[in-house]
Amino acid sequence: MTEPKCKKCGGEIEYDDCLDMEHGMGDEDVIICLYVGHCIECNTDHSWKEIYKFEKIKDLQVEED
């Protein structure tokens with residue numbers, strides 16, 4: 001995955017929080033996350049969306065009571 005870079009100085013952005021998460025529109029099997037963070041070099045605040053595509057279900061198990 002590509003890490004976001006600061007639009008002001010090109011520095012590394014530190015994740016602060018995930019503000020929202022939604023299922024993709026239409027037939028798209030994706031999750032869209034809205035993140036906020038700040039540059040560790042110049043302290044500029046940023047927000048961005050990351051899109052995750054569903055691949056498969058793995059290790060499905062029955063939970064015993």
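The structure holds zero disulfides (a disulfide being a pair of cysteine sulfur atoms within 2.5 Å). C18 is in no disulfide, and the nearest cysteine sulfur, that of C33, is 4.6 Å away. This is a predicted model, in which local features need pLDDT of at least 70 and side-chain atom pairs count only at pLDDT 80 or more, while totals for chains, interfaces and linings use all residues. Residues are numbered from 1 along each chain as its sequence is written, and side-chain values use heavy atoms, with hydrogens and water left out.

**Cysteines**
- Buried means under 20% relative accessible area, exposed over 50%, and partly exposed in between (1.4 Å probe, protein chains only).
- C33 is buried, with a relative accessible area of 3%.
- C18 is partly exposed at 29%.

**Strands and hairpin**
- Strands are DSSP runs (E, at least two residues), numbered from the N terminus; helices are runs of H or I with at least four residues.
- Strand β2 (residues 30-39) pairs with strand β3 (residues 45-53) in the antiparallel sense, over nine bridges.
- Two strands pair if DSSP finds at least two bridges between them.
- V36 has S47 in β3 as its bridge partner.
- The hairpin of β2 and β3 has five residues between the strands.

**Positive phi**
- N43 lies in the loop between β2 and β3.
- N43 is not a glycine, yet its phi is positive, about 65 degrees.
- The relative accessible area of N43 is 56%, so N43 is exposed.
- D59, in the segment after β3, is also a residue other than glycine with a positive phi, near 60 degrees.
- D59 is exposed, with a relative accessible area of 60%.

**P4**
- P4 lies in the segment before β1 (13-23).
- With 18% relative accessibility, P4 counts as buried.
- P4 touches G11, I13, Y15 and W48, leaving aside residues up to four places away in sequence.
- Contact means heavy atoms within 4.5 Å.
- P4 and N43 are 39 residues apart in sequence, and their C-alpha atoms are 14 Å apart in space.

**Surface patch**
- M21, I31 and Y52 form a nonpolar patch on the surface, with about 270 Å² of accessible area together.
- Patch residues have over 30% relative accessible area and no salt bridge; like charges are joined within 9 Å, nonpolar side chains (Val, Leu, Ile, Met, Phe, Trp, Tyr) within 5 Å.
- A salt bridge is a side-chain nitrogen of Lys or Arg within 4 Å of a carboxyl oxygen of Asp or Glu.
- Accessible areas come from the Shrake-Rupley method with a 1.4 Å probe; for residues, only the protein chains shown count as cover.
- Y52 sits in strand β3 and is partly exposed at 33% relative accessible area.
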